[in-house]
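Subject: Structure for you to look at

Hello,

Here is the structure you asked about. Please open it first and then read the notes below it.

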Amino acid sequence: MVLNIKNTTEIKRKNGLNVDIGVQALLIPQTTDHIISLAEKVRAAGADNLQVKPYSQHPNSKNSFSLDRDFTGLERELKAYETEDFSIFFRKNTIQRILTGAAYDCCHGLPFFALITAGGYVAPCNMFYERSDYFYGNLYKETFHDIWTGSRRKKVMKAMAEKNMNECRPGCRLDPINRYLHRLKNPEPGDVFI
């Protein structure tokens, strides 16, 4: 891995490419003790950043790698490796969202999001990546506009609205959108939305 990063950064430098080379690491029991040494290695190899993300248990997964601990110390240690040319992105807000759970009871974000599989299928989100009964359509057979405005998507959206949010993955990609839109619909005293 380190050699690949070195080679990639050399190509970037030689060609004057305006791109960032980043590395992502997932916080699971097998990796947590190695994150600091990973930061050292990828910085030395010339990467622009290291992104440290929490694991979020997908309901369809049989494995559980979840960690429920305070990562404040780890974040502080990692931030010590930052330089003018190397950044650490520690997803502490995502960790916090996963630990606190969802306060909303429906997915407000679905009208703003779609997942497209390698086979061209358009699905609501990664919960339904392998569920053809939830696919909106296929880009190899019709346009995105036709899929997005079609009756099949409306039918799937109705079925999604009837689903229990407890079946969803904690901290999913739509979680920040859902939290924001839920708060817009259910403002608390002192909320100001401009």
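The protein chain has seven helices and six strands; helices (H or I, at least four residues) and strands (E, at least two) are DSSP runs, numbered from the N terminus. Along the sequence they follow the pattern α-β-α-β-α-β-α-β-β-β-α-α-α. This is a predicted model, in which local features need pLDDT of at least 70, side-chain atom pairs count only at pLDDT 80 or more, and totals for chains, interfaces and linings use all residues. Residues are numbered from 1 along each chain as its sequence is written, and side-chain values use heavy atoms, with hydrogens and water left out.

Of the 194 residues in the protein chain, 35% count as buried. Buried means under 20% relative accessible area, exposed means over 50%, and partly exposed is in between (1.4 Å probe, protein chains only). The accessible surface of the protein chain is about 12,500 Å², and 51% of that surface belongs to carbon and sulfur atoms. Accessible areas come from the Shrake-Rupley method with a 1.4 Å probe; for residues, only the protein chains shown count as cover.

Next, the interior. A nonpolar core is a set of buried Ala, Val, Leu, Ile, Met, Phe, Trp, Tyr and Cys residues joined through side-chain atoms within 4.5 Å. The largest one has 20 residues, of which Val 42, Leu 50, Leu 78 and Phe 90 touch the most other members. At least two residues of this core come from each of strand 1 (22-27), helix 2 (35-44), strand 2 (49-54), helix 3 (72-79) and strand 3 (87-90). Helix 2 contributes the most, with five residues. A second, separate core has 13 residues, among them Cys 125, Met 127, Ile 147 and Met 160.

Met 160 also belongs to the buried residues of helix 6 (residues 151-161), together with Arg 153, Val 156 and Met 157.

In helix 7 (residues 175-185), the buried residues are Asp 175, Asn 178 and His 182. Their arc around the axis is only 55 degrees, so they are on the same side of helix 7. Helix 4 (92-100) is included in what covers them.

Last, the charged pairs. The structure holds eight salt bridges, a salt bridge being a side-chain nitrogen of Lys or Arg within 4 Å of a carboxyl oxygen of Asp or Glu. One of them joins the side chains of Glu 10 and Arg 13 (2.4 Å, N to O). Both residues lie in helix 1, three residues apart, about one turn of the helix. Glu 10 is partly exposed, with a relative accessible area of 30%, whereas Arg 13 is exposed, at 56%.

Arg 183 forms a salt bridge with Glu 188 (3.2 Å, N to O). Arg 183 also forms one with Asp 191, with the closest N and O atoms 2.7 Å apart. Through these shared partners, Arg 183, Glu 188 and Asp 191 are joined into one network.

Regards

Technical notes. The arc is that of the directions from the helix axis to the C-beta atoms. Contact means heavy atoms within 4.5 Å.
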